[in-house]
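The sequence and coordinates are shown first.

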Amino acid sequence: MERQQRLIVVANRLPLQRVAGEWETSPGGLVSALAPILREREGSWVGWTGIAGFAPDPFVHDGIEQRPVYISKPEVEDFYLGFCNGTLWPLYHDAVRTPEFHRHWWRPYAEVNRRFADETASATKPGDLVWVQDYQLQLVPGYLRHVRADLTIGFFLHIPFPPVELFAQLPWRRQILEGLLGADVVAFQTRLGKQNFARAAIRFAGATGNSTRLELGGRVIRLLAAPISIDTRHYEQLASEPTVAARADALRADLGQDRRLILGVDRLDYTKGIDIRLRAFEALLQHQPELAPELVFVQVAVPSREGIGEYAQMRADIEQLTGRINGAFGEPGRMPVHYLYRSLPSEDLVAYYRAADIMCVTPLRDGMNLVAKEYVASRPHNSGVLVLSEFAGAAQELRQALLVNPHDVDGLAATLHRAVKMPAEEAAAHMAGLRRAVRRNDVFAWARRCLEAMSE
Ligand code: ADQ
């Protein structure tokens, strides 16, 4: 039998975090899907430790070789906070915030990408399969192809690829495209991402072909749409644990047994539409004040990219909005909005999912959105209503959600009202369909699909 290709995963972060001076495996679907494959294929993971200026020699953790890449403190500023999160992140999310273009951010982006490519080249043996992840590393496939023509290279973009009219603004658009086109397979969350990329590659990089197959310099580059997912079984099992059920019951009791619980869970990011969602809830209470005692909105926001001004502003706006709604509609001991600005252990998160009657996922643009899928997997009795932005990649699979335009405050308020009033049988029929969708495509199926496409 032919030996399987070794697999090298290249991602901005190693699948580890440093806790009290020791390495621990980071939680998350991507890591749980790839770890067994990497162990089986004697693979390595190339990435940053998350600590500026700290890159120990390669070491083995949990059966997987870890290859740290050095990133200095100024590079964290210019490469990570700057070009990745001040230029690419807003540009790729429909420019919902104005992207900043600075040459002094671009140069460190290129340099750090080259360092990742060099580390990857030394981690690989002839003929290995290299799988590069996400927008921080778009130049890696091109650099790597240049020095190691023997490798098979795949790339997966976790965020949207923007429409060509927006991508055209990027002063380094040709270099980014050439970087990505160094891969054999470039994969996206949705068909739209794939189409946008193909158009840009044809227009700005001289590629020929269509949205499934491009050619450049005598090479073929295949494009794939593969929606990422979650470890569905893990969420189903966790949601059914007696301790999690008890925690969910306690939350309901604390928040008011007789009230319907509307939940939002996001990284605190301006793409997630948290402010508009709160405004829609406010509009609902203004139109129908009699609902105020019956409803409670819990927003859980994980701190994120706090070093960037836009994020601090966003946080201040949300806190002000929360205060305004509670000031107008609250009663002592009965506030309509509860706002938690912190990360939660996964048992607590799933207890919230289990407790929530309505889940509100309303990003202005999102590559996929795993929270929507996690909620669905955490509904053991098929109850609950998912309100989902049509601009989340997840909306392509979760067709039985209540789909909304997240920019439309009144439309969103009306949809929230519909969710509150939805008869239990109708909600259960929708939820059963949603649960089938997240069972059909879990993160393991996603990884298999991508790896098969790269091995063809
Ligand atoms: P994110 O933008 O981070 O991911 P998302 O897909 O929703 O967005 O994943 C967030 C993760 O953080 C979820 O697994 C969720 O459980 C967790 N989380 C959120 N709030 C939390 C809290 N308070 N405490 C603990 N955990 C919390 C990017 C893209 C997405 C894409 C993913 C994967 O922007 O579109 O779905 O990558 O490809």
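The model is a predicted one, in which local features need pLDDT of at least 70 and side-chain atom pairs count only at pLDDT 80 or more, whereas totals for chains, interfaces and linings use all residues. Residues are numbered from 1 along each chain as its sequence is written, and side-chain values use heavy atoms, with hydrogens and water left out.

Strands of a sheet pair through backbone hydrogen bonds, in either the parallel or the antiparallel sense. In this model, 10 strands form an open sheet of mixed pairing, in the order 5-6-4-1-7-8-9-12-11-10. Strands here are DSSP runs of E with at least two residues, helices are runs of H or I with at least four residues, and both are numbered from the N terminus. Two strands are taken as paired if DSSP finds at least two bridges between them. The edges of the sheet are strand 5 (59-61) and strand 10 (208-209); each has a single partner strand, so one side of each is left without a neighbour in the sheet. Elsewhere in the sheet, strand 8 (residues 152-156) pairs with strand 9 (residues 185-188) in the parallel sense, over three bridges. F155 stands opposite V186 in strand 9.

Side chains of opposite charge can pair when their charged atoms come close. A salt bridge is counted where a side-chain nitrogen of Lys or Arg lies within 4 Å of a carboxyl oxygen of Asp or Glu, and by this rule there are 26 salt bridges. One of them joins the side chains of D128 and R6, at 3.1 Å from N to O. This pair links distant parts of the chain, 122 residues apart: D128 is in the loop between helix 3 (103-123) and strand 7 (129-133), and R6 is in the segment before strand 1 (7-13). Relative accessible area describes the surroundings of such residues: with a 1.4 Å probe and protein chains only, buried means under 20%, exposed means over 50%, and partly exposed lies in between. D128 is buried at 4%, and R6 is buried as well, at 13%.

A second salt bridge is formed by R365 and D94, whose closest N and O atoms are 2.9 Å apart. Here the partners are 271 residues apart, with R365 in the loop between strand 16 (358-361) and helix 13 (370-377) and D94 in the loop between helix 2 (73-92) and helix 3. R365 is buried, with a relative accessible area of 18%, while D94 is partly exposed at 26%. Another salt bridge, between R324 and E282, has an N to O distance of 2.8 Å. R324 belongs to helix 11 (residues 309-329) and E282 to helix 10 (residues 274-287), 42 residues apart. In this pair R324 is partly exposed at 45%, whereas E282 is buried at 8%. Salt bridges with shared partners also join E65, R67 and E119 into one network.

A cavity is a set of points, on a 1 Å grid over the protein atoms alone, where a 1.4 Å probe fits but cannot get out; its lining residues have an atom within 4 Å of a point. Grid points are joined across faces, edges and corners, and the volume is the space filled by probe spheres set on the points.

The largest cavity contains about 60 Å³ of space. Among its lining residues are P15, L16, W45, H61 and D62. Helix 1 (29-40) and strand 6 (64-68) are the elements that give two or more residues to this lining, and helix 1 gives the most, with three. The lining has six nonpolar, three polar and two charged residues; Ala, Val, Leu, Ile, Met, Phe, Trp, Tyr, Cys and Pro count as nonpolar, Asp, Glu, Lys and Arg as charged, and the others, including Gly, as polar.

The second largest cavity has a volume of about 40 Å³. Its lining includes V385, L386, M422 and H430. Helix 15 (424-440) supplies the largest share, four residues. This lining has eight nonpolar, three polar and no charged residues.

Finally, M359 lies in strand 16 and is buried, at 0% relative accessibility. Beyond its neighbours within four places in sequence, M359 is in contact (heavy atoms within 4.5 Å) with residues including L263, Y353, V385 and L386. The C-alpha atoms of M359 and L16 are separated by 30 Å, and the two residues are 343 apart along the chain.

Key: On a 1 Å grid over the protein atoms alone, a cavity is a set of points where a 1.4 Å probe fits but cannot get out, and a pocket is an open set with protein on both sides within 12 Å along at least five of seven lines; lining residues have an atom within 4 Å of a point.
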